[in-house]
Amino acid sequence: MAIASHSTPSFSPSFCSTRTQITRFSRFPSVTLSQSRSNQTRSLTRRLISSRLNSSKFSDADGFVSPGNGDSPYELQHDFSPQRQRRGSPVYVTLPLDAVGPEGRVLRPKTMTVSFRALASAGVEGVVLEIWWGLVERNEPMVYNWNGYWQLVKLAGTCGLKVRVVLAFHQCGTDPADRNWIPLPLWVIDEIKKDPGLVYSDRFGTISTEYISLGCDTLPVLCGRSPIQAYADFMRNFRDAFRPYFGIIITGIQIGMGPGGELRYPLSPSQLIHARHTEFGEFQCYDKYMIASLNACARDIGMHAWGQGAPHGTGSFRHNLFTTSEYSPWNTPQGKFFLEWYSGMLLLHGERICREAETIFRGTEVSMSAKVAAIHWHYLTDSHPSELTAGYYNTSERDGYLPIALMFSKYGFGICCSCFEMQDAVENKRNPVGSPEGFLRQLVLAARLCDIQLEGQNFSSNFNDMAFEQVLKMSKLYTQGVEKRPFSFNFVRMGGKMFESRFWDRFTRFVRQMSDGKILRARLNSVGDVRLKSLTRAAEVGLYY
């Protein structure tokens, strides 16, 4: 495309003028690092960050069963004495997607009880509880039903487990036929039917109902509230409902920021299934609110033609990396303008939610985090096309994850990411340009530079000994060093297979290895062999499943 002026237009993703009612900021948001650091450390960190900004390449529920006769109330099951503190990395287990049913009740409460007891006996630190916007605020705006989740939190505390909560503002599953289908709140769906522009759309007109488009973040499109206001009201009501458990049972909160709970744009439907390693994805910027923002930014730099969508020649999820060239316009002036805007809008969306969450949960003694997607299947190419369409401006010439880590650091957030069990040697057999290990190395470095907590997670539940060993290996990229950095691992997810004897033996050994060979549970001081006790309880859980 011809350029209107001889000089290349400069662009900063200020999004973009007063038309969009958003304050201008520099290319990446400023970050206030920890006040307790020495000037020398702060200077070194700044130099390291500066050296990384332009490159991504480097070496990769009525009626619970009582937990047992004579058990004390939940408050007494948590021992915070120095002896209780772990020397290693705690392991959490994510609960089943259907832990709480559509009516807000815990499904299979007896199974949950014996499962929690087995996890506690294995030395697991706690459970990850996903709390769904579509279930809690299901029928009417600002009418919340926390009952099922409240019961699970109380049960976890009774069993001596901590709880890491995930506030999920996205849709679960692909359609109503999905076994674990959890849509957005019904009243939100009604608003989407009135205005389809509230959800993302690609250039072919394919819409995604997974998550509300960030293009309308601050507009009163949800029964008089903006999406950011709706998320904030939900977080505030959650805080008030669960405040007695904060810092005692509930010790962490992960805030959902996009599809899959991750800070990203939607992936193409087939990227989520079997052929993701050959697909680019599609830019999700064609709903009326995103297009309006892009138009405003293009007009601000006098390039009106650039405001119609992604540059021509963009890769498509209908194209295969091995039969066509990479995303070709990524290194052109228009391509850079578009990618700055597209990734910048995502970063701004994350910052808006972080700002609300930090204010709401300030002083509650819980850690906060957010999740970044592990888009690794084109990592070894120059343009990283599948990362670009997901909203990460990460190429061979630019680091797309450090700005996100900087933003999280600014608000005291940790970062969570999956694929810790994946190996390049295995991935490259079917996809020679993918690199889950390379992606993780880049993300881990960003977390270390910004001094933020890291939460690991597995992508697949098909675990063998090699997978557990790989998690241990990748976690050391973050934990090793003079400073003892806080790392934890979320195992996804609890189910019948997990408690089968062969897998359970592997899993409990993994938990011991993550905690430096020590099981520091307050309730494991009874007479008898710990491993035998754990296996017995796992067998009991297997009967329920």
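Helices are DSSP runs of H or I with at least four residues, strands are DSSP runs of E with at least two, and both are numbered from the N terminus. The structure is a predicted model, in which local features need pLDDT of at least 70 and side-chain atom pairs count only at pLDDT 80 or more, whereas totals for chains, interfaces and linings use all residues. Residues are numbered from 1 along each chain as its sequence is written, and side-chain values use heavy atoms, with hydrogens and water left out.

Helix α8, which spans residues 333-360, contains S343. This serine is buried at a relative accessible area of 12%, where buried means under 20% relative accessible area, exposed means over 50%, and partly exposed lies in between (1.4 Å probe, protein chains only). When residues up to four places away in sequence are not counted, S343 touches G391 and Y393, a contact being heavy atoms within 4.5 Å.

Helix α2 is formed by the 13 residues 109-121, and the distance from its first C-alpha to its last is 19 Å, close to the expected 18 Å, a span calculated as 1.5 Å times one less than the number of residues. Twelve of the 13 residues of α2 are buried, so the helix is mostly covered; among them are P109, M112, F116 and R117. Just after α2, G123 adopts a positive phi of about 90°.

The structure holds zero disulfides, a disulfide being a pair of cysteine sulfur atoms within 2.5 Å. For C417, the closest cysteine sulfur is that of C419, at 5.2 Å, which is too far for a bond. C417 is buried at 0% relative accessibility, and C172 is also buried, at 7%.
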